[in-house]
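Let's take a walk through this structure together.

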Amino acid sequence: MNRIPAFDYLAQYRTLESEALQAIERVLNSGRLILGAEVETFERSFTDFLGGNGRAVAVNSGTDALVVALMALEIGPGDEVITVANTAVPTVAAIRMTGATPVFCDVDEATALMDLEQLPSHLTSKTRAVIPVHLFGNVVDVERLRAIIGNSHIRIVEDCAQAHGARLRGQSVGTFGDASAFSFYPTKNLGAFGDAGLCYSQDGELAKEMKRIRMYGFDNTNCSQREGINSRMDEVQAAVLNVKLAHLADYVARRRALAAVYDRLLDARIPRLEPAAGAEHAYHLFVIKIEERDRARETLARNGVGTGVHYPYPIHLMPGYRFLGYSKGALANTETLARQVLSLPMYPELSPEAAEEISTLVNKAVL
Ligand SMILES: Cc1ncc(COP(=O)(O)O)c(C=O)c1O
């Protein structure tokens, strides 16, 4: 174990332990373990956090949140969904779970976000949706994306799995697209004590469909109104998330403060991913770019500092997705980033002093 790990689950758990355990006990003693008051409270509170006037549907994971949103939009076999190849695999797995075909757009080298200049060249008569990924807490300009696709039948599903608390020109991510998906995987900006996710839409009818799909296509009776799946957030996870949500704004503020320390103290010659224009970055990760990335990683590890690589293998080149027909060189910026990116420790409980020490060590390791 590194002296300063890349992520420290226990540090946050210790600060919330008694409150979280009380909340869990309350659920266990209530006898209502699935789709009860905790889930309803969380759906309302998270909607308030987003500041939108839509509707949230709590599900079992961020992957399922994407699947449920795509299903509600009736996306399936024969349809194309455009996204990026430098994301967590679940973005792509979710598209495949509907039977649709993922199409990859390259990313901007400076931000690592979908390059909207290149998007038009990927649009075809089969394109049914675009999934912009707000990677690392940075924000894709969804308004510009909307302007590019115009008033077409193409839908936008925002992947907000890494971007709780991020904003674009003052408005929360997740409230721009036709639908959006959040993950509460334990490492996320808001993390449950296991798997959990949520989909959201400003469109009441679409949200109603997502709610049906979450449980076998049911409304209030055990009679399917459409085909659905089972993807319910359980009451225990919702209770934990209700405890943590009260701290989310503070967690994001701390992430931003740590990013400011890195930004100030890292040598100016070390390139880092840039916040997109108009973005209030939520710093799920702080990512720098280094030519000799693996050597620097080893040096940092020898000094007790854990780091991560997000992501070492671009999805279009993974053996599991070879059938999509992409070859090396197809997405130049995505492939370069995969060789260079390094994620420094970033979590609300990391002290500013630790970030200072890490910056000094990175400068020494890289220059
Ligand atoms: C960008 C992105 N999309 C989707 C997901 C899927 O979320 P989950 O792990 O909750 O299924 C994740 C998290 O792993 C992610 O980082």
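The C-alpha centres of domain 1 and domain 2 lie 24 Å apart. Domain 1 covers residues 9-245 and domain 2 covers 248-366, with bounds that come from an automatic or database domain assignment. What you are looking at is a predicted model, in which local features need pLDDT of at least 70 and side-chain atom pairs count only at pLDDT 80 or more, while totals for chains, interfaces and linings use all residues. Residues are numbered from 1 along each chain as its sequence is written.

Where the two domains touch, domain 1 contributes 37 residues and domain 2 contributes 33 residues; two residues are in contact if their C-beta atoms, placed from the backbone, lie within 7 Å. On the domain 1 side, at least two residues each come from α1, α4, β3 (101-104), β6 (167-168) and α7 (235-245). Helices here are DSSP runs of H or I with at least four residues, strands are runs of E with at least two, and both are numbered from the N terminus. That side of domain 1 divides into 20 nonpolar, nine polar and eight charged residues. In this scheme Ala, Val, Leu, Ile, Met, Phe, Trp, Tyr, Cys and Pro count as nonpolar, Asp, Glu, Lys and Arg as charged, and the others, Gly among them, as polar.

Next, find the ligand. It is surrounded by 15 residues, the closest being S61, G62, T63, A161 and S183; a residue is near the ligand if its C-beta atom, placed from the backbone, lies within 6 Å of it. Helices α3 (62-72) and α4 (89-97) are the elements that give two or more residues to this shell. By type, the shell holds five nonpolar, eight polar and two charged residues.

Strand β5 (residues 155-159) runs parallel to β8, joined by three bridges, and E158 stands opposite S180. Strands pair if DSSP finds at least two bridges between them. On β9 (residues 197-201), which runs antiparallel to β8 with four bridges, L198 stands opposite F182.

Finally, look at R26 in helix α1 (residues 9-30). R26 is partly exposed because 14 other C-beta atoms lie within 10 Å.

Notes
A residue is buried if 20 or more other C-beta atoms lie within 10 Å of its own, exposed if 12 or fewer, and partly exposed in between; C-beta atoms are placed from the backbone.
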